[in-house]
Amino acid sequence: YASRGDAEKVLSILSQIESHPTLQPNTIMYNTVLKTLHPNQAEDILTRMIRSKATPDVFTYTSLISAHAKMGNVTRARQLFQYCPNPNIRTFNALLNAEARSKEGGNPAKSA
């Protein structure tokens, strides 16, 4: 479902796993979910991830930074970058995209 971008189905499966008494979603699972969601849903996954005791990694933060870049929220992208363990070239590119979008000025969701 994730590879097809079926966000509704992916979230439904994640909820089932989160509520299962013996299953525990892991970082890889949450990262897969992040890839399928609309950018405005990404923060919710980070919250769920932390609540479940999964540890966000560089892929988690890169996805979140990219999501905020798409929404023009450079302030939040910068904040997330500060928490990112061992940022890689994709993480820096995501932050650069956020910075570039904030300078374009055409996005009403951009940060001040």
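**View 1. Glu-43 and Arg-76 form a salt bridge, with their closest N and O atoms 3.0 Å apart.** A salt bridge here is a side-chain nitrogen of Lys or Arg within 4 Å of a carboxyl oxygen of Asp or Glu. Because Glu-43 lies in helix H3 and Arg-76 in helix H5 (residues 74-83), the pair ties together parts that are 33 residues apart in sequence; helices (H or I, at least four residues) are DSSP runs, numbered from the N terminus. Glu-43 counts as partly exposed, at 24% relative accessibility, where buried means under 20% relative accessible area, exposed over 50%, and partly exposed in between (1.4 Å probe, protein chains only). This is a predicted model, in which local features need pLDDT of at least 70 and side-chain atom pairs count only at pLDDT 80 or more, whereas totals for chains, interfaces and linings use all residues. Residues are numbered from 1 along each chain as its sequence is written, and side-chain values use heavy atoms, with hydrogens and water left out.

**View 2. Arg-78 and Glu-99 meet through their side chains in a salt bridge (2.7 Å, N to O).** Since Arg-78 belongs to helix H5 and Glu-99 to helix H6 (residues 89-104), this pair ties together parts 21 residues apart in sequence. Arg-78 is partly exposed, with a relative accessible area of 37%.

**View 3. Salt bridges that share partners join Glu-18, Asp-44 and Arg-48 into one network.** Within it, the closest N and O atoms of Arg-48 and Glu-18 are 2.5 Å apart, and this pair links distant parts of the chain, with Arg-48 in helix H3 (residues 42-51) and Glu-18 in helix H1 (residues 7-19), 30 residues apart. Arg-48 is buried, with a relative accessible area of 13%, whereas Glu-18 is partly exposed at 28%.

Methods. Helix = DSSP H or I, 4+ residues; strand = E, 2+ residues; numbered from the N terminus.
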